[in-house]
Amino acid sequence: MTPRRVLTLAALIGATVCLLTSCEKTVFRDHTADHPYTYRSVDARGWLASDTLSFDFPAAAADQADASLSLRLLDSYPYRRLQLSLTVQELQPLRRRFTIHRQVDTQGHTLQADTLSYVVQRIRTLHRQTVDIDLFDKENQPLGSSLPRIRIDHSLGTLPLTPDHRHRILITHRMRDPLLPGITDVGLLLHPTSSTH
């Protein structure tokens, strides 16, 4: 392959990667806190009711987690409260194999078989809950820190986990606006713990 074709191919691959990643949500961690949250940024135009924020967490040897939510919002947010829907999912990988080509002899015995393995995820919903959060008081003052953006932290209590499995938490808003303005980032923090029986 000529150097010119190599450069052209590299440019095409780079452009494709840029296009594919430009649609993903911005993900960042807050390292200023003692326990950093993982944040997902909301579209600057507003949070669509159909836009689900997804948080993936690694496997832990625990059957529950203490969870906290962190919101960053502008003072132009039009309501005093925010209602969210939260879903906890267990992600279990499954390895599957199938034969794509087989050679047999005259007696029907397999001489050679080409198999392909792939891994899929089985997703099981463990828990659903609605979360109501007060953001402003009756005088319209924020109930959290306010520089440079308003930040509200809210405890979600204990969420169930499946030990040694990865988990995904999905968050959507349940407000009446199909395009909710003012929320800029949603953060989540999990502390896996084991229940005592």
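# Close-up views of a predicted model

View 1. Asp 164 has 56% relative accessibility, so it counts as exposed (over 50% relative accessible area; buried is under 20% and partly exposed lies in between, with a 1.4 Å probe and protein chains only). The model is predicted: local features need pLDDT of at least 70, side-chain atom pairs count only at pLDDT 80 or more, and totals for chains, interfaces and linings use all residues. Residues are numbered from 1 along each chain as its sequence is written, and side-chain values use heavy atoms, with hydrogens and water left out. Asp 164 sits in the loop between E8 and strand E9 (166–173). Its phi is positive, about 65°, although Asp 164 is not a glycine. Most residues other than glycine have a negative phi.

**View 2. Asn 140, a loop residue with positive phi.** Asn 140 is not a glycine, yet its phi is about 65°. The loop that holds Asn 140 lies between strand E7 (110–134) and strand E8 (150–160).

**View 3. The whole chain.** The protein has one helix and 11 strands (DSSP runs numbered from the N terminus: H or I of at least four residues for helices, E of at least two for strands). Of the 197 residues, 32% count as buried. Take contacts (heavy atoms within 4.5 Å) between residues at least 6 apart in sequence: 79% join residues at least 24 apart.

View 4. Strand E2 (residues 38–41) is covered on both faces. Thr 38 and Arg 40 are buried on one side, Tyr 39 and Ser 41 on the other. In a regular strand the side chains alternate between the two faces of the sheet. E2 runs antiparallel to strand E11 (residues 183–193), joined by four bridges (pairing needs at least two DSSP bridges). Ser 41 has Asp 185 of E11 as its bridge partner.

View 5. Rings of Phe, Tyr and Trp (its six-membered ring) pair if their centres lie within 6.5 Å; planes under 30 degrees apart are stacked, over 60 edge-to-face, and the rest tilted. The count is two aromatic pairs. Tyr 37 and Tyr 39 have ring centres 6.1 Å apart and planes at 50°, so this pair is tilted. Both Tyr 37 and Tyr 39 are buried. Tyr 77 and Tyr 79 have ring centres 5.9 Å apart and planes at 75°, so this pair is edge-to-face. Tyr 77 and Tyr 79 are both buried. The charged end of Arg 72 sits over the ring of Tyr 39, 4.3 Å from its centre (NZ of Lys or CZ of Arg within 6 Å of the ring centre and within 35 degrees of the ring normal). Arg 40 lies over the face of Phe 55, 4.7 Å from the ring centre.

**View 6. The largest nonpolar core.** This core has 33 residues (buried Ala, Val, Leu, Ile, Met, Phe, Trp, Tyr and Cys joined through side-chain atoms within 4.5 Å). Tyr 77, Ile 171 and Val 186 have the most contacts inside it. E5 gives the most to this core, with five residues. Beyond four places in sequence, Tyr 77 touches residues including Leu 82, Phe 136, Met 175 and Ile 183.
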